[in-house]
Amino acid sequence: MRERIVHNPRNPIPADWLPNEIYQDILDSLPDHGSQRVQTLLACRLACSRLKVIAELPFLWGRKYQLKWAYHDPAREAERTAQYGNDWFQRYLHRNRSDREVLTVLHQMATQRKGRHTNAQRVYRVYGRDAWDILKKHANADPPDELDDKTYWISTSFWAGELLRAMHRAGSLERLYRLKDGHHMELEEGLSTLDGFFGVPYEQLKQSFDLMAQRCKSSLPSGIEDDTREMCIAICDWMRSQGFGPAEGDQYLAIRNHFIHKVLENRTSLPLTLVAIFVAIARRLGLDAHPVPFPAHVHAWVRVKEHTPEEGEEQQHVSIDVYHSATQPILTSADLDPILHAMGTTAQQHPELLAPASTAEMVMRAARNVANSLRQGGRTAVSDINSRYWTVITACYAMVTTITLLSPAHQADHFFDMAMHVKERIRHVFPLDIAIVVELTIMPNMGPLEQEPKDIFQSIIDLTKRAEDGPPRPAIRRDPAHNVKYFVGLVVALSGSGADYMGVITGWNTDGSYKTEDGTTSSPSNPIYQITYTTTAWTNPRDSQTRYDIQSNIRAFSISESTGTSSYPPPPTAQGWGLYLVLKSIVWDLGRIFRSAVNSKRGHLWFVPTEDLAMEYPDDVGAGMDFLKTMDEAGV
């Protein structure tokens, strides 16, 4: 039996009492997630020279490196490999320094308008994909535990998200250019260029397909690996068991059907996207599967792997109708030829229409499907009305860009349409795309025949830079003689036209510049407020709009008035979180004009203006702080 060692401060156990292996096992048992492992290892480095050597052992840092950073810029990762090899401690320090440098640039973008264009390009050019993880972390960050007027957490989250999505869209364009130049690309990667416009990288979709293929493989009956036909049917059966199926009725024209990341969420879709998912799974399971450009209804073509054609003999294949797999998964020439004849095609055209299609052809077809949904679906094309405007603009952006880059003819005309789309819509909705997508990705790839659209793009770039460097808007002061009760950033409730609204004040005026829908003009005695609002109660938010309303029609809104339960009000921070998250889901660019938020004990919420808005309304920051203080003291 081992003698029990009792620690005596006057007779401490020497540091070398334990062998190195024990220290290594102790440090290796630290949890991988969170900061405890890193903090402990760094603290051990400072304890003594012996622990410093142990705490820097590569195997203690390799797993942490791989867990912390899911994305790596290929060029920078190659440099780290060349410089540090398998020294994961040094590689960790290098990535950590990069993250801090990116955060420094992000802070500059969040706190000041000047230099955003250049800073966005710097992150894209210097750090590339190395910046994705840290930007994603801050874009999706929860509100802080304590809300205050000193931080920039709202604007930091906004600009991190905008920068990350702009980089993803630039990545989509790079892949589209590769497709245009004839490079080979898997169907899933090609279609993911559309998802990239929504800020979803191909790497994320690839991980989803890897996991789906693993799950599908584990469910397959044993012994069918060498039967291509049965394998295809089994994959279709598994997809239906997971909810994948045809979109029908008024959902057929839904925008989400054309974007893989949305289909993976909602599961129902069109033939093309369902075939893409089938092909992604089938190829991971060893089948040679491709899409077939059958008119109006994409099928899958799968090589029969148990058949080896002799010289002059055609390769046998199986045609799969994934969309109708519940009733007829296998198609034969007897099924397909009559349909083609009815469409007016000739027998000579049939082989081409029944052969595997290129990825570029399928991506172009998907883009045209998006155009069809936008043209025929109208407002029903987007069921999520909270994000309808943003979704339609993004889908249109993806469609226009894809058709422009992949069209074999009339490139100048397509580029002109795209330039006008960017000028009229994109620059307002996606502020950093001008710096990263237009200037760094599109313009360097334009030819001499596209000079007119190139001039339009350059004018947009110049306009963006002038707006960054220009002076702020003229200040609007609060005059004690005027009847201005509220201030920018305050969350208010509106009563008008028999409906209740909740929104945030983004401006006010007393000089006649604002006018309500009924024609009332702002004046010193009758100020009018510009409010971005949601059209139902805060617990069921709807489409956001901008409204101009007179002061007598609005009141300071509190979350406590939206519940009839006795358990309210909840803790103040929880109240502030609730209002913030609801408004963020509606006012998607909240972080453009507000940097933080403060809430009262009774659930009033005030968004702290950014520097530009605070300079335009220089007295409103003090008015906001005084209002919340008054509400807390009065217990209102």
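**Reading a predicted model**

Me: What pLDDT does the protein chain average?

Reply: This is a predicted model, and confidence is the place to begin. The protein chain averages a pLDDT of 84, and 85% of the residues score at least 70. Two stretches call for caution. Residues 1–7 have a pLDDT below 50, with five contacts in the model beyond near neighbours in sequence. Residues 563–572 also have a pLDDT below 50, and that stretch has eight such contacts.

Me: Which members of the largest nonpolar core touch the most other members?

Reply: A nonpolar core is built from buried residues joined through side-chain atoms within 4.5 Å. Here the largest one has 116 residues, and Leu135, Phe278, Ile320 and Phe457 touch the most other members. Helix α9, residues 153–180, gives the most to this core, with twelve residues. A second, separate core has 39 residues, including Ile505, Ile554, Phe594 and Phe627.

Me: With which residues is Phe278 in contact, leaving aside its neighbours within four places in sequence?

Reply: Phe278 is in contact with Cys232, Ile235, Cys236 and Met239, and also with Ala300, Val302, Ile320 and Val322. Of these partners, Ile320 is itself named with Phe278 among the core residues that touch the most other members.

Me: How many salt bridges are there?

Reply: Side chains of opposite charge can pair when their charged atoms come close. In this model the count comes to 26 salt bridges. One of them joins Asp130 to Arg80, with the closest N and O atoms 2.8 Å apart. Asp130 lies in the loop between α7 (116–127) and α8 (132–139), while Arg80 lies in helix α5 (residues 74–84), so this pair ties together parts that are 50 residues apart in sequence.

Me: Are Asp130 and Arg80 buried or exposed?

Reply: Both Asp130 and Arg80 are buried. They also belong to a network of salt bridges that links Arg76, Glu77, Arg80, Arg91, Arg95, Asp130 and Asp133.

Me: Where does Ser98 lie, and which residues does Ser98 touch?

Reply: Ser98 is placed in helix α6, residues 88–111. Its relative accessibility is 3%, so Ser98 counts as buried. Not counting residues up to four places away in sequence, Ser98 touches Arg76 and Tyr127. Arg76 is also a member of the salt-bridge network.

Me: Which parts does the salt bridge between Asp612 and Arg113 tie together?

Reply: The closest N and O atoms of Asp612 and Arg113 are 2.7 Å apart. Asp612 lies in helix α24 (residues 611–616) and Arg113 in the loop between α6 and α7, so the pair ties together parts that are 499 residues apart in sequence. Asp612 is partly exposed, with a relative accessible area of 28%, whereas Arg113 counts as buried at 18% relative accessibility.

Me: Where do Arg165 and Glu162 lie?

Reply: Arg165 and Glu162 both lie in helix α9, three residues apart, which is about one turn of the helix. Their side chains meet in a salt bridge of 3.1 Å, N to O. Arg165 counts as partly exposed at 24% relative accessibility, while Glu162 is buried, with a relative accessible area of 2%.

Me: Is Glu452 buried or exposed?

Reply: Exposed means over 50% relative accessible area. Glu452 has 52% relative accessibility, so Glu452 counts as exposed. Glu452 is placed in helix α21, residues 451–469. The C-alpha atoms of Glu452 and Phe415 are separated by 8.8 Å, and the two residues are 37 residues apart along the chain.

Technical notes. Residues numbered from 1 in each chain as written. Predicted model: local features only at pLDDT ≥ 70, side-chain atom pairs only at ≥ 80, totals over all residues. Heavy atoms only, no water. Buried < 20%, exposed > 50% of the residue type's maximum accessible area, 1.4 Å probe, protein only. Helix = DSSP H or I, 4+ residues; strand = E, 2+ residues; numbered from the N terminus. Contact = heavy atoms within 4.5 Å. Salt bridge = Lys/Arg side-chain N within 4 Å of Asp/Glu carboxyl O. pLDDT = per-residue confidence, 0-100.
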